Amino acid sequence: MSPDFLNFIETVLNGLMTGVMYALVALGFVLIFKASGIFNFAQGVMALFAALTLVGLQTGQMPFSHLINATFGTDIHHWGPGLPTILAILMTMAVMIVLAFTIEKVVLKHLVNQEPIILFMATIGLAYFLEGFGDLMWGADVKPLDVGLPTGGSFWLEDVTTSWATAGSEYYGMYIDTLDVSAAIIAIILVIALTIFSQYTATGRALRAVADDHQAALSVGISLRSIWVIVWSISGFVALVAGIMWGAKSGVQFSLSLIALKALPVLILGGFTSIPGAIVGGLIIGVGEKLAEAYIGPLVGGAVENWFAYMVALAFLLFRPQGLYGEKIIERI
Amino acid sequence: MKLSKLAIVTAMAAMVGGTPALADLVFPSLSYRTGPYGANGIPFADGYADYFTLLNERDGGINGVNAKVIECETGYNTQKGVECYESTKGEGALVYQPLSTGITYQLIPKATADGIPVHSMGYGRTSAANGKVFSHVFNYPGTYWDAASIIVNHILEENGGDVKGKKIALVYHNSAYGKEPIRTLEELSKKYGFELMLVPVDHPGQEQKSQWLQIRRERPDYVLMWGWGVMNQVAIKEAANIRFPMDKFIGVWWSGSELDVAPAGDGANGYKSVTFHGVGDDFPIFEDIKKHVVDTGKAAGAGDQVGTVLYNRGMYAAMLAAEAARTAQKMHDTKELTPAQMRDGMEALKVDAARMTELGLAGFGPEINVSCENHGGPGLGAIAQWDAAKGTWSLINEFGPADRGVIDALIMEDSKAYAAENNIPERCS
């Protein structure tokens, strides 16, 4: 095969892997929007907060140490050697569940039956609060995150694919980051688990009922508030997974909250209410932007992938305003 | 009776007042401790504030006058930075350190009109080094164009002076800041015959797969980086992932802190960065900072950043501001300063090796001579290299010069164009 064709395949594969990373972020948005009609502006910050908590627990960092030391004149930065990764992940999940309870209690329950824009504004406030709270709790430095997943290019794939190129051509093998492969596997497991949960469990069915019609769900005795806590907890879990994957790439730092920007074109394309839509949307955006950067970028000076993702999403909107898998809204007058 | 009471009150007031208190020397700090770039902003802001605290605590201020740092949070946002400038300039601000190229560009006309000097140390508009055009803007001790040239000099050194046919890639933040070195590198590429490959990365730079696939395919001999914040960390990690030789990967001074190499772990070993000041905490000044500032609980932050690259840079910026204030006090024979006097002090700033030793910073940076014509200072830089095992940066060569023939011509060209656009008459004649 010609190196150009192999490079094309490499670009597509890497686009797919990147798309999975975008989909991980988009999933959190979809879960909350589906169950409550809220566009959760704080989803990116939730991923950041979850990752900060995980690293803090893993490394034994004392929460609020700056505040404690400034108030009491102490010099405490760590409470111990830290927790093993699995335990730290479980503890972080517990923190995210507590956060979901708190959000329901302090924010959402007071806003039942309010306009969607009010709920959206509340999540903007939540995002700013959580960012500041995370800073106060864990500090603003860049924290390396290692949960034991492999990282770096796969030697095996490089070796195997080098021989695919036409003899004598300059080809160095195909590159795929093993961390991206792990992310793809985890995303597949996550989607299967979420599908089983929503299709085959009573809570999942209740969640779908709430998503379909709040009033009808309430009339058959489903507690809207419990459902909100559950869905924000699940969304917190998805945020944790996204935070781990993105944090392992760049270190856990406050720019992690900006990954939400990467989810927006995915949501526009896939629809705000569909889990498969988030995945397929992520894959299309991932592949589209990587191909655009590789083949259109050199013609226009590069750095086209950010706007290209939105262009693709907008082009889809022209034909399917509800997104690929979104629910068609028909309002009769 | 009434008169005598009044006389007593007046006399007491005079006694209590004594000699009138001197006004503080005000140094605003446009810092960013929050937001996506907060991790980088904190150490610089800490270093800047801690140095002035040291002067106040140890020496009783600058020639007996208290130095006051007013912090204003910009979040590395240009609009907020301008708001910070507007809200603090009336406080007696002597010099602004905008700490952002975007904010610097906005402040150049404003601060010039207000008569307040701006010190964009190693960032901002490179051609502001021409003092004939930019009366109130200083970017000593070095500019982006110096940095680009010093890196190319290092590459020349490694290749026996011949880089003809070599391919050098520039991975840059797709912004005014990131694009600054392109013009210089294009000129140097013509002069030395290397091929320049441009690889832009959009803000914030969290996803760089395309860029590093391109680098992996095109196999440049060297990669240079003009990045900031998360872009640096991701780029170094991606370079390690594709097994690009780290000793051929060289960043500008804003891409060379401990924060940038930490996420890549051992993979970052050997990564290089150009710098205009020393690294580490093996200088007497840091003992003083620990003794008078950190241990007494007066540090601006947690006191855990002392000796890191960005803390040192903030401290160095404060030292240069303090030395310029001393120069201004001497020139104008006054202890209290106006921004105009401070500007004069900055333009006549001289920091030689003996003074650096007195300050507890022997060898920390090159000698500095600022003049009316040259606001860019010596334009010297050294290469620092990261040792992942030790977790330290070390200088691997001496502070060396940029290619002045190329750089000065570019500075003249750009600054003259700016002067023509804005009808600015040349000064210093």
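**Questions about chains A and B**

Visitor: How many salt bridges are counted between chain A and chain B?

Guide: The count here needs a side-chain nitrogen of Lys or Arg within 4 Å of a carboxyl oxygen of Asp or Glu. In this predicted model, the number of such salt bridges between chain A and chain B is seven.

Visitor: What kind of model is this?

Guide: Residues are numbered from 1 along each chain as its sequence is written, chains are lettered from A and ligands numbered from 1 in the order in which they are written, and side-chain values use heavy atoms, with hydrogens and water left out. Local features need pLDDT of at least 70, side-chain atom pairs count only at pLDDT 80 or more, and totals for chains, interfaces and linings use all residues: the model is predicted.

Visitor: Which residue of chain B forms a salt bridge with A:Lys290?

Guide: Take the closest N and O atoms of the pair. They are 2.5 Å apart. The partner of A:Lys290 is B:Glu207.

Visitor: Which element gives the most to the side of chain A that touches chain B?

Guide: The rule finds 19 residue pairs in polar contact across this interface, both at pLDDT 80 or more; such a contact is a pair of N or O atoms within 3.5 Å, where within protein one must be able to donate a hydrogen and the other to accept it, and residues adjacent in sequence count only if both atoms are side-chain atoms. Elements that give two or more residues to this side of chain A include α1 (3-36), α10 (224-250) and α12 (275-300); helices (H or I, at least four residues) and strands (E, at least two) are DSSP runs, numbered from the N terminus. With six residues, the element that gives the most is α1(A).

Visitor: How much area do chain A and chain B bury between them?

Guide: Contact, meaning heavy atoms within 4.5 Å, involves 44 residues of chain A and 34 residues of chain B. Buried area is the accessible area (1.4 Å probe) that two parts lose on being put together, summed over both. Carbon and sulfur atoms hold 53% of it, and the total is about 3200 Å².

Visitor: Why does B:His375 count as buried?

Guide: B:His375 lies in the loop between β11 (368-369) and β12 (380-387) of chain B. Buried means under 20% relative accessible area, exposed over 50%, partly exposed in between (1.4 Å probe, protein chains only). B:His375 counts as buried because its relative accessibility is 0%.

Visitor: Which side chain makes a polar contact with the side chain of B:His375?

Guide: Beyond its neighbours within four places in sequence, B:His375 is in contact with several residues, including B:Phe134, B:Tyr140 and B:Arg427. A polar atom of its side chain lies 3.5 Å from the backbone oxygen of B:Cys372. The side-chain polar contact, at 2.7 Å, is with B:Glu347.

Visitor: Which cysteine is joined to B:Cys372?

Guide: A disulfide is a pair of cysteine sulfur atoms within 2.5 Å. This one is left-handed, with -80 degrees about the S-S bond. B:Cys372 sits in the loop between β11 and β12, and its partner in the segment after α15 (404-421), so the link ties together parts 56 residues apart in sequence. With S to S 1.9 Å, the partner is B:Cys428.

Visitor: How many residues apart are B:Cys72 and B:Cys84?

Guide: Their sulfur atoms are 2.0 Å apart, and the two form a disulfide. The pair links strand β2 (residues 67-73), which holds B:Cys72, to helix α3 (residues 78-88), which holds B:Cys84; the separation is 12 residues.

Visitor: How many residues of helix α8 in chain B are buried?

Guide: Helix α8 spans residues 209-218 and is mostly covered. Among its buried residues are B:Trp212, B:Leu213 and B:Ile215.

Visitor: Where is B:Pro204?

Guide: Most residues other than glycine have a negative phi, and most peptide bonds are trans. The bond from B:His203 to B:Pro204 is cis, with omega near 0 degrees. B:Pro204 is in the loop between β6 (195-201) and α8 of chain B.

Visitor: Is B:Asn423 buried or exposed?

Guide: B:Asn423 has a positive phi near 50 degrees and is not a glycine. Its place is the segment after α15 of chain B. With a relative accessible area of 68%, B:Asn423 is exposed.
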